[in-house]
Structures are given as structure tokens and as C-alpha cells.
Amino acid sequence: MKKTARKPYLWEALLSFAFLIIVMGVSISIYEADPHIPMLVGTLFAALIAVKIGFTWNEIEKAMFDGIYQALQAIIILAIIGVLIGLWLLSGVVPSMIYYGLGILKPGIFLVATVIICSITSLATGTSWGTAGTIGIALIGIAKGLGIPAPVAAGAIISGAYLGDKMSPLSDTTNLAPAVSGTDVFTHVKNMVPSTFTAYGITLVIFLIMGFKYGGESVDISAINAIRDGITSSFNVSPLLLIPPLAVIVAIAFKIPAIPGITIGIILGGVFGVVMQGANLGDLLTAGGLERMMFSISLTIIAMMFGGIMEKTGQLEVIVGALLKRVKRVGTLVTTTILTCIFSNVTMPEQYISVVVPGRMYAKAYKEKGLHPKVLSNALEGAGTITSALIPWNTCGAFLYSVLGVATQDYAKYAFFNYITPIVIIIFAYIGINLPKIEDDPDTVIGLEN
């Protein structure tokens, strides 16, 4: 006779999370391991709990498959984004955006210009790490020459870099958040605009005011020119090379689905690579960063296996039920989601985990309140993605310290965008701003039956 599975006790579900937290924390913080194996070990433990409460292996395996299925669109998009980034780098699209971004650096507005330059770069590439590790390093050097404290400059760099990490359709987390929530990437990006750019505007004003005290200094033009000369010596820079990213933006505006929209950018990048750079077609076809994207893709698959087991075996349900027992208002639900994301960044110090796990935890709760999944994905990005940079032992905090040479606790108080954004989202939720219902846009809801 087949054993009938029972509903897990709260302590059993919490044990799955506690085990994952411990394994993830020890592996990343002490042994500096990648999160993949700890996540896989945590998945195995969750499966053992599922066996204990009566689930068969076939049921557990199907739960993992169902979890992965939720992220398949994001996985495909991440793969083609890898191709896009490599192609845009070789064809001169990204170098041209950096070149023109540096052109706006003027005396007296260094901090504001730094935010904008890093924003342009991260929006073009979809990576906060790549932005901080390239143009960010150069800007830190220029700041030191101007007498601007390194923590202040680092805060401006990180604020700009994480705008793209949060808003660019090329960003892995920007694709992951809607995938685990139940919507598509373009719908997600458009819905983030009100809260994101409110926080971004406040950030620019703060840095503009702070910049007044450094306005009397003169910018080290030689350092900026050296970077621009390096770009022009390797690429033919032209405003025409801004057409591919503009085409992707237009695709977003006209609701073209993500995969064909990004493919348009790939095709245009290839054409301009041949025309503007004289690049060999064979080089263009092998220029993609697909292999680099496998880090994100493989971690997404494993994380969704964990989420699938926790969801299908009822372990998520009992935890969320306990957390949401007294949650009546939408504002409280959004706040709980954001605090869970921050808790994940602190205890399971990896940006992807803080998006995936809370996303699967609260998807059903948002659906039950009639909220569109993009409300959840906005909260995940507004906390899971950008607060990771504020945690010293998180992989993001550790990376930024290593490339910028500024301790996390020193730059964190100046990374205004990174902690203003979740506050704005919470305020908007309590006053009823930017809370679309499923019925308002049902065509962009994906996989809610799961």
C-alpha cells in the first residue's frame, strides 16, 4: 500500500530552510565556495524531509521538474543574453555607450555624473559587477585625484551600477524575478519604473547636494581622456552604435516578447559589428558569453529544484501560513516579502537565492489577493537584488569590496539607491500606488496554475 503523504509540521519545513541557511552560510562565508553545491545539498535535504512525510521519489522528482519549468523562459533568455553581451562588446556597442557616458563628466557634478555613467553602462550590459569592475575602478581613481572620499564615490558607483542590474532586460536577476513570480520580463521592467525612478531621482538629488562641497575642484581630464582614447584606439565609435540598445528599448515599449526582442538586438549588433568594426563574421558568431551565463543558468535550475520541492510538498505553505497569519493589508504583504528577501541576503548570502526562495514562498499569497505577479517581482528586485550589495559577507558585497577597495560598511551608507528603493516600494504599497491587479493585465500572467 502506498503511504499517503501528510502535511508537514512547521518545524519540519523550518528545518529544511535552516539546513540550507547553515550550509549556504558556511560554504560561502568560510570556504568561499560557489553557491551551487550548497544549494544542491539543501535541495537533497528538502527531498529527505519530503520522503519523511510520505512523498514518493517520483512525486519529488516531478516537483523538481515543475520548479525548473517555472524558470525555463528565464533560462532561455539568460542564454541568448550571454550571446548578446559578447556580440555587443565585440561590435563596439557597449564601448560606444561607455565612451559617450564619460563625455558627460563635468567639474562640480562628479558624483551625479558617476551615477549616470554607471547607470548607462549597467543598463547596456545588465551587470552591476561588470560595471563596478571596469568603469567603477576608473572612477574611484579619478575621485581620489579630486579629493572625493572613496566611500562616497563607491556609493555613487554602486547606486548607478544597480540601476541596470535591476532594470536592464539583459540582467540575470531582472529575468529571474518575473520567472519565479509568474510574469514576463518586459511587463516586469515596465512595472518597476514608478518606484525605481522615484528612488533614482532622490538618489541623484542627494548626490547633487553632496557634490556642491567638491564643486571647486577640477576634474582630472587626463584620466578620463585616457579611457576614451583607449576605446577609440580599439573601436570605431559612432552614435549609430546606439541603435541596437535603442531597438531593444523600443521592443519593450511595443510589448514585443522578450526572446524575439533581444534577438533583434543580437541581429543588429552583428550587422553593426561587420559594418562599423569590420569584424569577421566568424568572430562575431563565437563572441557570445553563453559559457559565462552558465553560472547563473545552473544556479537557477538548482534553486528552482529546491523551490519546487518546498512548494509541492507543502513545506512552503506551512511557513508562509505562519508568516502571513496576521497579514491583512497589501502593504504588510509587500513589507514581509522585502524583509524576507533581506533576511535571505543576510543568511543565505547569494543574490539569486534571495530572489528565488521568497518568490516561490509568496507567489500564491499575491495571487490570492488578486495582485498581478509583477507586484511580487517588483518587491523581489527592490530588495533581493539590490540589498545584496549592502551585506559584507554576501557574494555581491564581497565582490564590490574586492574591486573598489572600499569596505562594505564604509560605502553602504552612501549607496543611497540600494536602500531607498525598498523603502519607496513599501511606501507605495501602503498608500496604494503601483499595485496592479491580475484582471488589469491578464495576458502577461504566466504559470499561475502552478
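Are Y200 and F417 buried or exposed?

Mentor: Both Y200 and F417 are buried, and by that I mean under 20% relative accessible area with a 1.4 Å probe on protein chains only, where over 50% would be exposed and anything in between partly exposed. Keep in mind that this is a predicted model, where local features need pLDDT of at least 70 and side-chain atom pairs count only at pLDDT 80 or more, while totals for chains, interfaces and linings use all residues. Residues are numbered from 1 along each chain as its sequence is written, and side-chain values use heavy atoms, with hydrogens and water left out.

Let's start with the rings. Searching the whole structure turns up seven aromatic pairs (Phe, Tyr or Trp rings, six-membered for Trp, with centres within 6.5 Å; planes under 30 degrees apart are stacked, over 60 edge-to-face, the rest tilted). One of them is F17 with F306: the centres are 5.7 Å apart and the planes sit at 80°, so this pair is edge-to-face. Your pair, Y200 and F417, has centres 6.1 Å apart and planes at 90°, so it is edge-to-face too. Y200 belongs to helix α10 (residues 185-211) and F417 to helix α22 (residues 416-431), so the pair ties together parts 217 residues apart in sequence. Helices here are DSSP runs (H or I, at least four residues), numbered from the N terminus. Ring pairs also join F207, Y414, F416 and Y419 into a cluster.

Now α22 itself. After α22 comes G432, with a positive phi near 85°. N434 lies in the segment after α22, and its phi is near 60°, positive although N434 isn't a glycine. Most residues other than glycine have a negative phi.

The axes of α10 and helix α19 (residues 373-385) come within 9 Å and cross at roughly 65° (axes are lines fitted to C-alpha atoms over the stretch in contact, with angles from 0 to 180 degrees between N-to-C directions). T187, H188, N191, M192 and S195 in α10 meet K374, V375, S377, N378 and E381 in α19, contact being heavy atoms within 4.5 Å.

Methods:
Helix = DSSP H or I, 4+ residues; strand = E, 2+ residues; numbered from the N terminus.
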